[in-house]
Structures are given as C-alpha cells and as structure tokens.
Amino acid sequence: MDLWVIVPAYNEAAGIEATLRALAAQDDRGFTLLVVDNASTDGTAEVVRRHGVQVVHEPHKGTGAASDTGVRHAIARGATHVARTDADCLPRPDWVRSVRRAFGDGLEMVGGRLLPRTDEFPLKFWERRLIPAVIDVAAAFGRFRPGNRDPRYKGPYVMMPGCNLAITADLYERAGGFPRTAIEEVHEDRALVNRVRKVTSAYGSRRDLVVYGSVRRLRAYGLVGTLAWYADHHYRPDVVDIR
C-alpha cells in the first residue's frame with residue numbers, strides 16, 4: 001500500500017501548522033503528505049514548506065478542485081490509496097492506522113467521525129454535545145434525501161465528511177473523483193460518495209476513524225445557518241471562506 005494524505009488549503013497560514021503537527025504525530029507514519037495550495041494570498045505555501053512538506057498549486061478556487069488536483073498528483077506518482085483531511089482539522093493520532101485497517105478489511109472507500117475541536121475556542125456545553133448529535137442526525141436524514149436516492153446506486157447513502165475520508169486510487173479513477181468545484185457550488189464530498197455508489201458497494205463509515213474539525217463556520221453562521229448551509233445551501237452567507 002502506497003498511502004498519500006492530501007490536504008487542500010486556502011489562506012490557512014495562521015492555523016495549518018496545527019494540522020501538520022497532528023499528522024506528524026500519527027502513530028503510523030507510513031504515508032506521503034501533500035498540501036494543495038488553492039491560490040492562497042497569505043503565505044500558506046511558505047509555512048507548509050518550512051515544515052518540509054511537499055506543496056502543489058491549484059489556481060482554480062474550490063475544495064473540490066484542489067482535492068482532485070492533489071489526489072491525481074498522488075496517483076500519478078504511484079499512490080495506491082489516498083486519504084484526505086482539511087487544513088483546519090486535527091486527525092486523531094491513530095487516524096492513519098485506522099485508514100489502513102479499513103482498507104485491509106476490504107473497503108475501497110471509507111469515511112469516519114467528525115468531532116469538534118476543543119483547542120480553537122472554549123466550547124460551550126451545547127457545542128460540545130450537540131454538534132456530534134447533529135452530524136449523526138444529518139447522516140441518517142441523508143439516506144432519505146431525494147438527491148441521494150437512485151436505482152443505479154449499489155448501496156445506501158453514507159455521509160463521509162471531506163475532511164475524513166480515504167479511497168483507493170483505482171476506485172477514485174473509476175468513479176470520476178471529486179468534482180472540480182467550489183464549496184459554494186457543490187458539496188464535493190457528497191458528490192464523490194454518490195459517484196462511488198454507482199460503481200461499488202465496498203464503502204462504509206468507521207467509528208474508529210476520527211478527525212477533530214474547526215467550529216469557526218458554526219461560530220460565524222450560527223447553528224441554524226450552518227445546518228441550512230450544509231442542506232443544499234439553503235443559507236448563503238455573504239462570506240463563505242471563514243478564517
């Protein structure tokens with residue numbers, strides 16, 4: 001297994017070091033790390049290079065575009081399996097080991113749990129307890145959404161946050177990969193899951209695959225706005241790229 005970890009990043013100079021440290025602290029270091037600088041204007045690439053991490057550039061704005069560039073760069077250089085997290089997230093120290101175990105169990109694509117970071121802001125009680133519950137409800141509701149139901153799908157809908165998923169190189173290419181879009185256009189993680197569902201049923205979610213995500217969007221949009229944003233962009237804020 002030639003495993004690569006891809007991190008798309010846009011104007012994350014102030015916070016990406018925490019993500020890099022979390023990846024450096026993995027108890028399984030058998031992977032190649034690649035950061036995709038998505039036309040940052042704040043020196044993100046320079047910060048990453050100071051940590052000795054490889055950087056490629058994607059000028060077209062969008063998490064989907066940057067992720068696709070990174071994954072295809074890795075595959076072109078021999079990657080057989082690719083995992084993705086985001087530049088405002090902290091994978092748990094056993095994250096890579098859990099990714100490898102899921103592939104060893106026969107999955108071709110795997111997603112995991114997204115829990116709130118506790119190091120950015122002092123979390124309120126409802127944030128600490130409610131956010132994971134809301135994510136679980138959204139995952140259950142996603143199985144019944146019309147856009148996630150199609151007779152061509154080979155298995156049920158499974159929510160896989162873009163910051164916590166992994167896929168084989170072969171399946172990525174067979175399914176067509178991430179759509180090369182911006183997050184305000186399409187939620188690229190859901191689009192990838194549905195592309196995969198047309199190709200195979202060998203995908204699933206694992207509770208031992210844990211990433212801690214930023215709550216900055218929640219703080220900026222509020223709970224109702226955040227839920228509406230993720231529900232097909234029913235809420236559209238003036239500023240999408242919260243930093």
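Predicted model: local features only at pLDDT ≥ 70, side-chain atom pairs only at ≥ 80, totals over all residues.
1. Arg 84 has a charged partner: its side chain meets that of Glu 188 in a salt bridge, with N to O at 2.9 Å. The pair joins distant parts of the chain, since Arg 84 sits in strand β4 (residues 81–84) and Glu 188 in helix α7 (residues 188–197), 104 residues apart. Glu 188 is buried too, at a relative accessible area of 3%.

2. Next, have a look at Arg 92 and Asp 94, whose side chains also form a salt bridge, again 2.9 Å from N to O. Here Arg 92 is partly exposed, with 25% relative accessible area, while Asp 94 is buried at 14%.

3. Another salt bridge pairs Arg 206 with Asp 208, and their closest N and O atoms lie 3.9 Å apart. Asp 208 counts as partly exposed, with a relative accessibility of 21%.

4. Finally, a word on helix α1 (residues 16–24). Its buried residues are Ile 16, Ala 18, Thr 19, Leu 20, Ala 22 and Leu 23. What do the buried residues of α1 pack against? Their partners are the strands β1 (3–9), β2 (32–37) and β5 (90–91), together with the helices α2 (44–50) and α4 (95–104).

Methods
Residues numbered from 1 in each chain as written. Heavy atoms only, no water. Buried < 20%, exposed > 50% of the residue type's maximum accessible area, 1.4 Å probe, protein only. Helix = DSSP H or I, 4+ residues; strand = E, 2+ residues; numbered from the N terminus. Contact = heavy atoms within 4.5 Å. Salt bridge = Lys/Arg side-chain N within 4 Å of Asp/Glu carboxyl O.
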